[in-house]
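This briefing walks through a few local features of one protein model. Keep the sequence and the 3D view side by side while reading.

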Amino acid sequence: MADTAYQQCIHPDCAATFEVDRVLTACPKCGALLDVQYDWDRLPVPRWADFEQRWASKGAQGRGRLDFSGVWRFRELLPFYGNDDRIVTIGEGRTNLQDARELARQIGFDPGNLFLQYEGLNPTGSFKDNGMTAAFTHARMVGARRVACASTGNTSASLAMFAAHAGLQGIVFIGSGKIAYGKLSQALDYGTLTLQVEGDFDACLRNLRDIVSEHPELGIYLMNSINPFRLEGQKSIMYRILEARDWRVPDWIVVPGGNLGNSAAFGKAFGELRQLGLIGRLPRLAVIQAAGADPLYTLYHEQGLRWNGGRWDHSLRDDLWAKNIAVRTVASAIEIGKPVNLPKCLRSLELMDGVVREVDDETILEHKALVGRYGFGCEPASAASVAGARLLREEGVIDADAEVVCILTGHQLKDPDATVRYHTGIDMMAAQETAPRCDPAGRASNRPIPVPDDLAAIVRVIEAH
Ligand SMILES: *Cc1c(COP(=O)(O)O)cnc(C)c1O
Ligand SMILES: [Zn+2]
């Protein structure tokens with residue numbers, strides 16, 4: 001099976017191909033990103049019914065081990081692994097599509113038209129596990145000794161768990177002062193080597209890429225989303241959405257954009273499904289950035305940068321990157337200035353007739369509170385998708401009767417500080433006694449109410465609310 005999978009440069013004028021078990025993070029000939037590709041003609045054509053049946057046989061061990069995973073249940077759609085024994089899985093991707101009727105009503109959608117794909121239900125609480133299981137499977141195929149990533153938090157949490165599970169040394173590079181404690185605590189607890197670099201995310205990734213290419217003797221396998229195998233696993237988020245809808249394609253997929261791995265993976269997933277004849281049409285794609293970290297918005301929406309069949313204008317990107325614009329947002333998971341998957345994201349936007357928007361931090365936190373209030377919950381970055389869907393609905397870009405799926409990328413408990421700060425005005429990260437107690441300003445804030453130790457007074461407060 002393995003010879004039906006290979007790696008290929010995404011640049012149409014190069015399109016060089018490489019063996020599936022080579023460790024590459026860019027095309028050795030031209031430096032462009034790589035895709036994992038398949039000879040679909042020589043592979044069995046999967047049918048939706050085959051995937052459905054797997055629910056019945058799922059189990060944590062034995063023959064159902066792969067069906068237990070929401071990624072590998074769809075293994076015919078990412079057939080690079082050669083043989084089943086190589087697959088590293090812990091039952092990731094057991095996530096679901098929620099019909100968010102109350103939230104829909106609140107933000108201008110018809111109930112029954114707004115759905116949340118709840119990726120916070122993954123083992124480490126973010127969608128990253130979908131990609132890690134695939135990249136660890138590839139790391140095992142190539143005999144990696146160490147695995148490493150630069151991370152705004154969730155990638156490191158996921159890498160740390162899979163490294164502990166697979167018995168490989170994990171190394172994470174974290175920018176100083178830029179990580180939510182829920183995520184840092186995971187990396188530490190899973191026993192991974194945690195390096196706090198004095199610099200931002202982009203500096204972490206640059207250091208790590210240099211170490212990987214200049215010190216091959218360390219045997220470090222790179223787990224960031226420039227690794228095309230991670231994106232293969234992330235395609236499964238789209239398969240699960242279709243599965244939950246009896247394989248009906250929604251009208252819109254709305255996703256927060258940071259390093260743009262998800263948007264890259266989603267376009268690839270739908271392009272392949274159409275090529276295989278499993279779907280007839282594609283949903284549209286909306287990528288939502290934080291206003292404080294919006295390179296894609298600047299390039300795509302303001303400067304008109306397009307994929308252009310793969311011959312996109314590199315100078316627009318290079319000029320923006322040269323400015324080294326500092327990024328700052330409460331949505332730390334998307335606080336990224338130079339997204340590595342920009343070209344692939346442009347490709348997805350072209351394929352899926354996409355749009356890009358940005359939302360500010362206040363709007364992000366308000367929509368995070370609304371996602372919580374109506375019964376789901378997510379971390380700040382995830383709420384950008386919901387805020388973006390609302391914006392596009394208000395603009396009339398999304399029709400009133402459109403079926404819209406927002407990706408909730410990470411769990412509510414990832415970043416409790418941001419949540420408590422929003423609802424109380426108290427900054428838990430500052431020294432507790434000296435923390436300023438200001439009134440929470442957010443429109444959806446739910447402030448704790450001080451009450452005396454007195455039954456009648458407590459009853460009065462309850463009745464008043
Ligand atoms: C990593 C991450 C993102 C950004 O995803 P990209 O694929 O890099 O665009 C968004 N939300 C959460 C919670 C994340 O962990
Ligand atoms: Zn190339």
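Along the chain, the donors of the zinc ion (ligand 2) follow the spacing C-x4-C-x12-C-x2-C. The model is a predicted one. The points below begin with this metal site and then turn to some helices.

**The zinc site**

- The protein donors of the zinc ion (ligand 2) are the SG atoms of Cys 9, Cys 14, Cys 27 and Cys 30, lying 2.3 Å from it.
- Four donors count as tetrahedral if all angles lie between 85 and 135 degrees. The 4 donor atoms around the zinc ion (ligand 2) subtend angles of 96 to 116°, so their arrangement is tetrahedral.
- Cys 9 lies in strand β1 (residues 5-9), while Cys 30 sits in the loop between β2 (17-19) and β3 (34-38). The pair therefore ties together parts that are 21 residues apart in sequence.
- Cys 9 has a relative accessible area of 4%, and because buried means under 20%, Cys 9 is buried.
- Cys 30 has a relative accessible area of 40%, which makes Cys 30 partly exposed.

**Helices α13 and α15**

- The axes of helix α13 (residues 361-373) and helix α15 (residues 416-424) come within 11 Å and cross at roughly 95°.
- Angles of 65 to 115 degrees count as roughly perpendicular, and α13 and α15 are therefore roughly perpendicular to each other.
- On the α13 side, the contact is made by Leu 365, Glu 366, Lys 368 and Ala 369. These residues meet Thr 419, Tyr 422 and His 423 in α15.
- By type, the residues of the contact of α13 with α15 divide into 3 nonpolar, 2 polar and 2 charged.
- An α-helix has 3.6 residues a turn, so residues three or four places apart point the same way.

**Helix α12**

- In helix α12 (residues 342-351), 8 of the 10 residues are buried, so the helix is largely enclosed by the rest of the structure.
- The buried residues in α12 include Leu 342, Pro 343, Cys 345, Leu 346 and Leu 349. Lys 344, Arg 347 and Ser 348 in α12 are buried too.
- Just after α12, Asp 353 takes a positive phi of about 50°.

**Ser 236 in helix α8**

- Ser 236 is found in helix α8 (residues 236-244).
- The relative accessibility of Ser 236 is 0%, so Ser 236 counts as buried.
- Leaving aside residues up to four places away in sequence, Ser 236 touches Gly 70, Val 71 and Asn 130.

Terms used: Residues are numbered from 1 along each chain as its sequence is written. Chains are lettered from A and ligands numbered from 1 in the order in which they are written. This is a predicted model: local features need pLDDT of at least 70, side-chain atom pairs count only at pLDDT 80 or more; totals for chains, interfaces and linings use all residues. Side-chain values use heavy atoms; hydrogens and water are left out. Donors are N, O and S atoms within 2.8 Å of the metal (3.2 Å for Na, K and Ca); water is not among the atoms, so sites may look incomplete. Four donors count as tetrahedral if all angles lie between 85 and 135 degrees; four count as square planar and six as octahedral if opposite donors are over 155 degrees apart and all others between 65 and 115; anything else is irregular. Helices (H or I, at least four residues) and strands (E, at least two) are DSSP runs, numbered from the N terminus. Buried means under 20% relative accessible area, exposed over 50%, partly exposed in between (1.4 Å probe, protein chains only). Axes are lines fitted to C-alpha atoms, for helices over the stretch in contact, and angles run from 0 to 180 degrees between N-to-C directions. Angles under 35 degrees count as roughly parallel, over 145 as roughly antiparallel, 65 to 115 as roughly perpendicular and the rest as oblique. Contact means heavy atoms within 4.5 Å. Ala, Val, Leu, Ile, Met, Phe, Trp, Tyr, Cys and Pro count as nonpolar, Asp, Glu, Lys and Arg as charged, and the others, Gly among them, as polar.
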